[in-house]
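Here is a walk through one protein model, taken a piece at a time. Keep the structure open beside the text and follow along.

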Amino acid sequence: MTTDERYMQRCLQLAQNGRQNAKPNPMVGAVIVVDGRIIGEGYHVRCGQGHAEVNAFASVSAEDEKLLHEATIYVSLEPCSHYGKTPPCADLIIKKGVKRVVVGCIDEFAEVQGRGIQKLRDAGIEVTVGVLENECKALNRRFFTFHRLSRPYIILKWAQTANGFIDDNGKALAISTSFTQMLSHKLRAEEDAILVGRVTNEREHPQLTVRQWDGSNPKRLVIDRHHPLNLEVLHAHHIQSLIVEGGRKTLDSFLEQGLWDEIRVETNTRLTVGGGTRAPQLPANVQVFSQQVFDENIIVNYMKV
């Protein structure tokens with residue numbers, strides 16, 4: 001790992017602290033370095049409050065302020081160049097007189113898209129772009145999908161038995177363990193909305209809450225053929241991410257339309273049933289990006305190739 005990558009990794013660590021409260025803004029971390037020493041760092045804590053760069057500069061001591069002209073500031077996402085709820089961070093960086101800026105990835109938001117980087121370069125600041133770019137993009141994949149495709153980032157999710165069923169001959173079945181159920185509630189706390197189909201809603205009466213985790217409950221959505229999903233409405237209501245936890249028919253409808261960005265499958269390797277509803281078939285264009293084992297249960301996350 002290079003020096004730039006090491007400090008960018010720290011930016012990513014900091015950024016994740018804003019996972020709950022930065023929304024609908026992206027998660028961003030910033031680190032200020034002089035001669036191999038971190039003199040300031042920060043992250044975007046809450047929407048409407050100071051961005052990562054602002055908080056990083058605020059953390060610099062009065063004694064270290066005089067060193068900023070020799071400093072490099074690392075930022076996981078391109079500094080903003082427009083006036084929103086806060087002033088442009090690119091202007092602040094220029095005002096502080098830092099020597100160099102290292103950016104993880106370009107901001108795809110229409111108001112930025114390279115303008116922040118260009119403003120810094122026009123001011124004579126050396127700018128390096130693309131350090132740990134894939135990791136920085138992955139961190140804010142919900143934000144980028146929302147602005148690029150005008151729809152939420154969609155996560156299809158189901159649990160299945162070892163022999164590939166999602167229920168026991170049509171009856172609801174406890175496939176998750178108490179621990180993996182808690183992880184499901186953690187996921188709900190991180191996403192904006194959750195959706196099931198009418199049959200699942202009427203048969204199982206799922207609460208779809210985060211009762212085993214800390215955070216806000218996602219917006220609850222139920223669809224059927226009379227009330228189909230309208231992505232434009234979700235976009236208009238600023239819903240950046242959606243979990244689909246429906247039954248086979250609901251999940252297949254998303255798969256057939258290619259309306260998914262991530263698939264999360266939990267398999268209980270010790271549980272089998274004699275029959276029931278088969279789990280959906282994974283599409284061909286998937287690749288594993290994470291796999292976790294919790295006793296007898298395995299959770300695998302897939303993304304599109």
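A residue is called buried when its relative accessible area is under 20%, exposed when over 50%, and partly exposed in between, using a 1.4 Å probe and protein chains only. Helices (H or I, at least four residues) and strands (E, at least two) are DSSP runs, numbered from the N terminus. The model is predicted, with local features needing pLDDT of at least 70 and side-chain atom pairs counting only at pLDDT 80 or more, while totals for chains, interfaces and linings use all residues. Residues are numbered from 1 along each chain as its sequence is written, and side-chain values use heavy atoms, with hydrogens and water left out.

Let's start with helix 7. Its 13 residues should span 18 Å at 1.5 Å a residue, and the end C-alpha atoms are 19 Å apart, which agrees; the expected span here is 1.5 Å times one less than the number of residues. The buried residues of helix 7 are T180, L183, S184, H185, L187, R188, A189 and E190. Contact means heavy atoms within 4.5 Å, and the buried residues of helix 7 pack against several strands, including strand 6 (153–161), strand 7 (193–197) and strand 12 (297–304).

Next, the aromatic rings. Rings of Phe, Tyr and Trp (its six-membered ring) pair if their centres lie within 6.5 Å; planes under 30 degrees apart are stacked, over 60 edge-to-face, and the rest tilted. That rule gives three aromatic pairs. One of them joins F143 and F144 edge-to-face, at 5.8 Å centre to centre and 65 degrees between the planes. F143 counts as buried at 6% relative accessibility, and F144 is buried too, at 3%. F179 and F294 have ring centres 5.3 Å apart and planes at 50 degrees, so that pair is tilted. Since F179 lies in helix 7 (residues 178–190) and F294 in strand 11 (residues 286–294), the pair ties together parts that are 115 residues apart in sequence. F179 is partly exposed at 40% relative accessibility, whereas F294 counts as buried at 18%.

Now for the nonpolar interior. A nonpolar core is a set of buried Ala, Val, Leu, Ile, Met, Phe, Trp, Tyr and Cys residues joined through side-chain atoms within 4.5 Å. The largest one has 41 residues, of which M8, I32, I73, Y74, I93 and V101 touch the most other members. Helix 1 (residues 3–15) gives the most to this core, with six residues. A second, separate core has 23 residues, among them L156, I166, L251 and F254.

What does I93 touch, leaving aside residues up to four places away in sequence? The contacts of I93 are E53, F57, I73, P79, V98, V101, L120 and I125. L120 lies in helix 4 (residues 115–122) and is buried, with a relative accessible area of 0%. L120 and P79 are 41 residues apart in sequence and 9.1 Å apart in space, C-alpha to C-alpha.

Finally, the cysteines. A disulfide is a pair of cysteine sulfur atoms within 2.5 Å, and by that rule the count is zero. C89 is buried, at 1% relative accessibility. For C47 the closest cysteine sulfur is again in C80, but at 12 Å, so a bond is ruled out; C47 is partly exposed, at 21%.
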